Every structure is written in C-alpha cells, then in structure tokens.
Amino acid sequence: MRLIRRFWWVIPVVIVMALAGFVVWANATNPIEAEAESAMRSDASVTVSDERWLTFTPIESEPTTGLIFYPGGKVDARAYAPLAHAAAQAGTLAVIVPMPLNLAVFDMNAANAVIAAYPNIEHWVIGGHSLGGSMAARYVLDNPNQVDGLALIASYSDRDISTVDVNVTVIYGSLDGLAQVETVEGGANFLPADTTWVKIEGGNHAQFGWYGDQDRDNAATISHEAQYDQLIAAVIALLESVS
C-alpha cells in the first residue's frame with residue numbers, strides 16, 4: 001500500500017500514454033491513390049464538397065436517392081471517392097462520412113445528421129467497407145425506417161437484421177484476406193432471405209478502396225479497375241432498386 005501511495009501518479013501516466021498511442025495508431029492511414037485524388041475534384045457532371053462530409057452531388061439532375069458511406073477502419077475517407085463520384089454521375093447524392101479516429105464504431109449514427117441535412121432525398125441507401133459496413137448494418141437495425149437499402153462491402157452484419165424491411169446487397173472478393181469468404185457467407189442467417197450476393201472472383205479486400213495494399217490481405221488476381229467496375233455496378237443496381 002505504501003508503494004501504491006508513493007507511485008499513484010504512474011497509473012494516470014500509463015493511461016494517458018496508452019490513449020495517445022491509440023490515437024496515433026488510428027490516425028496512421030495509408031496515403032490515398034491517384035484515382036481517389038482525381039475523384040475528389042468536381043467536373044462537368046458532379047460537384048464535390050469536402051466541408052462537413054465528402055459530398056458528391058449530380059449537376060444535371062435533382063437527386064431523390066442518396067448514398068451514405070461509412071469508410072473501413074483506419075482508412076482515409078477520400079479513398080472511396082471514386083465510388084461516390086460514380087454514384088453521383090448516375091444521379092445519386094453520395095455522402096462519405098469521415099469517422100472519428102478513422103473508426104466507424106465511434107459514430108455509428110452519423111447517418112442521422114446526413115439524412116436530416118437533405119430532406120429532399122426520398123430514398124436512402126447506407127453502406128460501408130469492412131468495419132464501416134458492419135456499423136452501417138447496426139445503424140439499420142436501430143433505425144429501420146430511415147433507410148431503404150444496405151450495401152455490405154467486404155463486410156457482414158454482426159447483428160440479426162433478417163426481419164428488417166431493407167434491400168441488402170453483399171459485395172465481397174473471393175481472395176479477401178480480412179473479410180474472408182467463409183466469414184461473409186457465414187453471416188447469411190443475419191440477413192434478409194432476399195439478400196443479393198455479389199462475389200467478385202479474384203478480388204481482395206483493399207481493392208474496394210484506393211489506399212494501397214493492406215496487411216494480412218491476399219493478392220488479387222484481377223485488376224483494381226476490374227474489381228471496382230463490379231463494385232460500382234452492384235451499388236448502382238442497389239440504388240436503382242430502392243428509387
């Protein structure tokens with residue numbers, strides 16, 4: 001007890017150091033790739049804003065369908081700009097939500113603020129990559145009347161949403177080293193019976209974003225562009241199904 005009283009100050013110091021280490025670890029993201037940087041620029045068909053969120057707005061039409069996207073864990077939100085840009089080119093408002101410490105678990109209900117900010121959007125799809133997808137599924141469970149669709153990208157629901165009235169599409173790679181096929185497909189009982197499954201042969205985990213290689217992932221046997229084309233097609237099909 002005398003030692004504890006003498007060195008009581010060590011405990012808060014250790015806690016502060018651990019928290020500081022966690023913050024540094026969470027903020028250590030890979031640099032985004034050139035494709036993501038390009039997609040972050042406005043063009044003739046899409047206006048890009050990076051104020052509160054990363055927002056991609058179609059220029060030629062007034063969107064009535066919106067996509068809310070939760071990034072993967074420890075991934076720069078801008079790495080998913082090519083997907084959001086493509087969705088906007090197809091006529092959808094697309095909003096990527098940067099997360100505190102790059103972890104969606106710290107702001108699972110971020111979609112509420114997005115939905116409130118765009119009252120003219122009639123139909124919403126929420127989705128995410130990896131951890132972001134799992135947190136999007138939790139959002140659906142807790143807010144079943146807020147969204148019409150859910151896109152699980154290299155991800156799965158860790159909560160039972162099988163009775164929720166929502167269109168679900170699961171998009172995953174056959175060579176994913178993190179969200180492995182058996183894990184993703186093993187979560188089928190937690191999803192609605194009419195869930196759409198899109199398995200990308202030769203696809204891996206990191207090629208669902210534009211942030212380079214990822215530890216513990218497998219090498220893909222298809223190009224990044226080929227995997228992304230299939231991702232975009234599946235997400236746009238889901239958006240069209242709810243609009």
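Predicted model: local features only at pLDDT ≥ 70, side-chain atom pairs only at ≥ 80, totals over all residues.

Biologist: What do strands of a sheet pair through?

Modeller: Strands of a sheet pair through backbone hydrogen bonds, in either a parallel or an antiparallel manner. Here, 8 strands make up an open sheet with mixed pairing, in the order E1-E2-E4-E3-E5-E6-E7-E8. Its edge strands, E1 (46-49) and E8 (196-200), each pair on one side only. From one strand to the next, the twist averages 15°.

Biologist: Which strands does helix H4 touch as it packs on the sheet?

Modeller: Helix H4 (residues 81-89) touches E1, strand E2 (54-58), E3, strand E4 (93-96) and strand E6 (149-153), and its direction makes about 25° with that of E2. Helix H6 (residues 131-142) lies across E3, E5 and E6, and runs at about 145° to E5.

Biologist: Let us turn to the loop. Is glycine 202 buried or exposed?

Modeller: A residue counts as buried under 20% relative accessible area. Glycine 202 has a value of 6%, and is therefore buried. This residue lies in the loop between E8 and helix H8 (224-242).

Biologist: Which residues does glycine 202 touch, not counting those up to four places away in sequence?

Modeller: Glycine 202 touches Ser174, Leu175, Ala220, Thr221 and Ile222. Between glycine 202 and alanine 220, the C-alpha to C-alpha distance is 5.4 Å, although they are 18 residues apart in sequence.

Methods:
Residues numbered from 1 in each chain as written. Heavy atoms only, no water. Pairing = 2+ DSSP bridges. Helix = DSSP H or I, 4+ residues; strand = E, 2+ residues; numbered from the N terminus. Axes fitted to C-alpha atoms, helices over the stretch in contact; angles between N-to-C directions. Contact = heavy atoms within 4.5 Å. Buried < 20%, exposed > 50% of the residue type's maximum accessible area, 1.4 Å probe, protein only.
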